[in-house]
Amino acid sequence: MGLKSLIVSETPKLSKNLRLWLNLGIVYVVWGSTYAGIAVAGQTFPPLGGMGLRFTTAGLLVMALLVILRKSVRVSRVELWSVTQIGVMLLVGGIGTVSVAEQYIPTSYVSLLICVTPLYMAVLRTLKGDRPSRLSLLGVVIGLVGMVILVLLGNEPVATEPDANVLFWSLAILLASFTWALGSFRSKTMTLPEDPLVLTAWEMLMGGLVLMLLSIATGERFDFANVSNESWGAMIYLILIGSIVGYTSYIWLLEHAPISLVATYSYVNPIVAVALGVIWIGEPIGLNIVVGGAVVLIGVILSVSAEKPKAPQ
């Protein structure tokens, strides 16, 4: 388990309620901050290669930690194939696309589009025959209206590059959030390692390796001599805090908190991301981001709150 999450979840002097809110706070802030971290790292790291370095390193560090804790990291061939598929859908299709898109459009805009993931989950459940409640479906419709406002009805340019095709990159991010939702959805029926930390380690390692291969295939080049101190700092933060601490805190929450409470990260993260985009990177906020983002968040809140909570364990 990540060191910070290990302390939060295992310290006997902390009440379960306090441990829960500390871990939830970590997921709120850490995952929300990764959007700005990816943008800063991407200033001098190649986007795909940089994320490949991030997840490969994080996966190896988690494996090393498990070995130190005398836990087996061995997986079967079936499990390895399953974690590879999940790593590709979540980390390559999801975060890999985000890292490239943030070269052209602001982190605040990206984070608001990504937060529609719970809406995709509701659609996938419906297609599978597990029909969500009417309130949850209403949230999907409202979220779709918010996406239209964000993508099509903006009166102010949101591109960070003069020649960027905002519509193209918006659709790419919507596809990235779908691959994340699909990977999460399919993981429920796959044969996976029983230990969630072993699963996380292999998922990050395999996803990171695929990102590295894509980086090579697309002609990206690592020029470590020209990587700025800011980008190195962001990369270290993404590896240690964003990947290891954030993911392990999330795993702890899934095991100890109602799912309705855990899911609130999906509409808190964008608020953190937008604030850091303005403060850290100096990104402007257009009217479409304010209005469309608010409508998307309302839709996500309705969809998430309509789910029946799982009793704490």
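Analyst: Accessible areas come from the Shrake-Rupley method with a 1.4 Å probe. By that method, the protein chain exposes about 14700 Å², and carbon and sulfur atoms supply 67% of this area. The model is predicted: local features need pLDDT of at least 70, side-chain atom pairs count only at pLDDT 80 or more, and totals for chains, interfaces and linings use all residues. Residues are numbered from 1 along each chain as its sequence is written, and side-chain values use heavy atoms, leaving out hydrogens and water.

User: How many helices and strands does the protein chain have?

Analyst: The protein chain has 13 helices and zero strands. Helices are DSSP runs of H or I with at least four residues, and strands are runs of E with at least two.

User: What share of the 313 residues counts as buried?

Analyst: Buried means under 20% relative accessible area, with a 1.4 Å probe and protein chains only. In the protein chain, 55% of the 313 residues count as buried.

User: Why is H2 called oblique to H12?

Analyst: Helix H2 (residues 16-41) and helix H12 (residues 265-281) pack at about 45 degrees, with axes 7 Å apart. Angles under 35 degrees count as roughly parallel, over 145 as roughly antiparallel, 65 to 115 as roughly perpendicular, and the rest as oblique. The angle of about 45 degrees therefore makes H2 oblique to H12.

User: Which residues make the contact between H2 and H12?

Analyst: Contact means heavy atoms within 4.5 Å. Among the contact residues are Trp31 and Tyr35 of H2 and Leu276 and Trp280 of H12.

How values were computed: Axes are lines fitted to C-alpha atoms, for helices over the stretch in contact, and angles run from 0 to 180 degrees between N-to-C directions. Buried means under 20% relative accessible area, exposed over 50%, partly exposed in between (1.4 Å probe, protein chains only).
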